[in-house]
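Here are my notes on the structure you sent. They begin with the pocket and then turn to the fold and a few individual residues.

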Amino acid sequence: PSWPSLFLAGAEVIIILYIIIITNRIYKKMKVVLAATLFATASAFVPSNAPKFGTSLNLKQDFLEYTPYHDHSAVKVNTYKNKAPFTGKVVSTKRIVGPQATGETCHIIIDHNGDFPYIEGQSWGVMPPGVREKDGKPHAVRLYSIASSRYGDDMTGKTGSLCVRRATYWCPELKADDPAKKGICSNFLCDTQPGDEVMMTGPAGKVMLM
């Protein structure tokens with residue numbers, strides 16, 4: 001081979017080696033940056049004064065627990081009845097399904113100030129306001145499974161939550177919802193505002209306790 005061809009071949013080898021060296025250096029720098037980023041991200045979720053593994057934190061919510069935990073003999077049932085219901089106050093009512101969802105489901109938080117204790121698996125009875133059109137008698141109580149733990153969503157033991165789907169009836173003749181056939185209680189609950197009063201009975205149930 002001629003000298004020019006040997007020179008060009010050698011230059012190509014040098015260029016390839018240079019590219020390999022530069023690429024390797026860039027890769028190492030990227031590894032360092034990536035490792036630092038991951039460490040910083042993970043550190044954001046770790047308390048600055050994280051205790052050593054095995055340290056008892058004593059942070060659990062246990063002021064409403066039974067001893068032993070499986071002893072449900074003292075669970076309260078039907079503390080409040082139809083003739084003497086409990087009056088709770090709505091803390092918030094929020095729609096919890098998307099705008100394109102079929103139907104509407106609301107999350108309602110009710111303040112009971114710790115005077116209406118319950119445990120997981122029980123239900124609250126809700127007495128919708130007003131009377132029935134057919135006979136003028138009060139509406140019957142509707143039972144709703146309590147959606148929150150005994151401590152409530154705020155973990156104070158003074159609230160409870162219901163998840164309620166608004167009951168409606170689509171009339172094929174009207175081609176719209178028929179207001180005369182809508183669910184009385186579900187619509188009442190889904191329409192509540194903070195501060196509204198809710199007449200309640202219960203807690204009901206001792207079969208599905210958890």
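1. The largest pocket in this predicted model holds about 220 Å³ of space. Its lining comprises 14 residues, and those nearest the centre are Leu-64, Tyr-66, Pro-117, Tyr-118 and Ile-119. Sorted by class, the lining of the largest pocket contains seven nonpolar, four polar and three charged residues.

2. As for the overall fold, the protein has two helices and eight strands. Along the sequence, these follow the pattern α-β-β-β-β-β-β-β-α-β. Of the 210 residues in the protein, 27% are buried. Among contacts between residues at least 6 apart in sequence, 64% link residues at least 24 apart.

3. Six strands make up an open sheet, with antiparallel pairing and the order S4-S3-S8-S1-S2-S5. Strand S4 (142-145) and strand S5 (159-165) are the edge strands; each has a single partner strand, so one side of each has no neighbour in the sheet. From one strand to the next, the twist averages 40°. As background, strands of a sheet pair through backbone hydrogen bonds, in either a parallel or an antiparallel manner.

4. Within this sheet, strand S1 (residues 86-95) pairs with strand S8 (residues 197-204) over four bridges, in the antiparallel sense. Thr-87 is opposite Met-199 in S8.

5. Apart from neighbours within four places in sequence, Ser-92 has contacts with His-107, Ile-108, Ile-109 and Pro-194.

6. Pro-203 is in strand S8, and the peptide bond that joins Gly-202 and Pro-203 is cis, with omega about -5°.

7. Asn-113, which is not a glycine, has a positive phi near 60°. Asn-113 sits in the loop between strand S2 (105-111) and strand S3 (123-127). With a relative accessibility of 48%, Asn-113 counts as partly exposed.

8. The other residue is Met-155, also not a glycine, with a positive phi of about 60°. Met-155 belongs to the loop between S4 and S5. The relative accessibility of Met-155 is 36%, so this residue counts as partly exposed.

Conventions
Residues numbered from 1 in each chain as written. Predicted model: local features only at pLDDT ≥ 70, side-chain atom pairs only at ≥ 80, totals over all residues. Heavy atoms only, no water. Pairing = 2+ DSSP bridges. Axes fitted to C-alpha atoms, helices over the stretch in contact; angles between N-to-C directions. Contact = heavy atoms within 4.5 Å. 1 Å grid on protein atoms, 1.4 Å probe; cavity = no way out; pocket = protein on both sides within 12 Å on 5 of 7 lines; lining within 4 Å. Points joined across faces, edges and corners; volume = space filled by probe spheres on them. Nonpolar A, V, L, I, M, F, W, Y, C, P; charged D, E, K, R; others polar. Buried < 20%, exposed > 50% of the residue type's maximum accessible area, 1.4 Å probe, protein only.
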